[in-house]
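Student: I have just opened this structure and would like to talk it through. Could we start with the charged residues?

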Amino acid sequence: MSVKSTAARRTTRGGAKRRGGGPELVQLLTPEGERVEHSEYSIDLTPEELRGLYRDMVLTRCFDAEAITLQRQGELGLWASLLGQEAAQIGSGRATRSDDYVFPTYREHGVAWTRGVDPLNLLGMFRGVNHGGWDPNENNFHLYTIVIGSQTLHATGYAMGVAKDGADTAVLAYFGDGASSQGDVAEAFTFAAVYNAPVVFFCQNNQWAISEPTERQSRVPLYQRAAGYGFPGVRVDGNDVLAVLAVTRAALDHARSGQGPTLVEAFTYRMGAHTTTDDPTRYRADEEREEWAAKDPIQRLRSYLDKQGLADDAFYAEVERESGALAKRVREGVRTMPNPDTMAIFENVYADGHPLVDEERAQFARYLASFEDTPAAGAAVPGEGR
């Protein structure tokens, strides 16, 4: 696999225009599945690698759909779907090296897949049985961050440390279009630029910050914000897995070579709800969703594979079989997750004992014990009826 980028990428391309008058959009695969070239980015993948990207996206979508179903059945407290953003996540995740470090938000299920995190570990937090579910240092994949935008500061600090250590490593920080308005993100941009930190800021612009459209977040395309901080910004077709892979890998190489941060804006769309507590029909039109459905990232790559004769029915059948097996494993795994020790919430609060925590622990223990002592409906209570 090889990725090539020209030196022109090192400058922000804020003034560049694409056909139709909008900001330039890096694209290597059209919605119809036609391969196109780009003057600054090119990528050469083997048939096996292309099929691997397709498999990644399909299995990620399958897992995501199963998680939504589990939430609707009461097995999960909440779920944030990535439907429609598979190319943005798989393409960028596959651009990383094993020694790179990734800081996600709470929707990067596809990125977690590329980093080798078991999907069941993602679900533990949403079921409420753990506080994360995996060791971040095993896969160089940080725990999910619920506080909007704060992970960009964590990533920048980590990248500054990596640079001081002299390591040949890059850091990848994810956030959404809504998070781009957070002060933490602005501060992260400032520190990353001033300290020339080897970090790539990857913004998944899925058009909606819950119920607020992007135009209410910024008067300029998001990638152009990088210019004000003094580092490059680029907008990529977030539904084109090839373009995302090429752009992200180039940005990571740019960071590793000591040239500092890059802002990548993956222009994509959230096909589902913000989370399972949201109703997107209240704030966006069906026509908009239908328009983006025609740009589906999985169908786009499948069209290309079919046109080039790079995949056959046996391959698609195997991916379908894997999807079914993954869904079954997720269903069974979630429903058999052991409940956490209810008293564990009082541990590791203070290094030593604390009177208030001790009092709260005892009070909670009495509360739990009261349920054990409550007789079942209709049962005789000792001492009554005498």
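Student: Is R270 buried or exposed?

Tutor: R270 is buried, with a relative accessible area of 0%. Buried means under 20% relative accessible area, exposed over 50%, and partly exposed in between, using a 1.4 Å probe and protein chains only. Please note that this is a predicted model, in which local features need pLDDT of at least 70 and side-chain atom pairs count only at pLDDT 80 or more, while totals for chains, interfaces and linings use all residues. Residues are numbered from 1 along each chain as its sequence is written, and side-chain values use heavy atoms, with hydrogens and water left out.

Student: Which residue forms a salt bridge with R270?

Tutor: The partner is D278, and the closest N and O atoms of the pair are 3.8 Å apart. A salt bridge here is a side-chain nitrogen of Lys or Arg within 4 Å of a carboxyl oxygen of Asp or Glu. D278 is buried as well, at 18% relative accessible area.

Student: How many salt bridges are in the whole structure?

Tutor: A search finds 22. One of them joins D296 to R61, with the closest N and O atoms 2.7 Å apart. That pair links distant parts of the chain, 235 residues apart: R61 belongs to helix α1 (residues 47-72), and D296 to the loop between α10 (286-293) and α11 (297-307). Helices are DSSP runs of H or I with at least four residues, numbered from the N terminus. D296 counts as buried at 18% relative accessibility, whereas R61 is partly exposed at 22%.

Student: Which residues are joined into one network by shared partners?

Tutor: Salt bridges that share partners connect R55, D56, R94 and E322. D56 is buried, with a relative accessible area of 3%, while R55 is partly exposed at 28%.

Student: Changing topic, how many disulfides are there?

Tutor: The structure holds zero disulfides, a disulfide being a pair of cysteine sulfur atoms within 2.5 Å. As for individual cysteines, C62 counts as buried at 17% relative accessibility, and C203 is buried at 1%.

Student: What does L301 touch?

Tutor: Leaving aside residues up to four places away in sequence, L301 touches L29, L50, L53, Y54, M57 and V241. Contact means heavy atoms within 4.5 Å.

Student: Finally, the surface. Which residues form a nonpolar patch there?

Tutor: F191, V194 and Y195 do, with about 340 Å² of accessible area together. Patches are made of residues with over 30% relative accessible area and no salt bridge; like charges are joined within 9 Å, and nonpolar side chains (Val, Leu, Ile, Met, Phe, Trp, Tyr) within 5 Å. Accessible areas come from the Shrake-Rupley method with a 1.4 Å probe, and for residues only the protein chains shown count as cover. V194 is found in helix α7 (residues 183-194) and is exposed at 62% relative accessible area.

Terms used. Helices (H or I, at least four residues) and strands (E, at least two) are DSSP runs, numbered from the N terminus.
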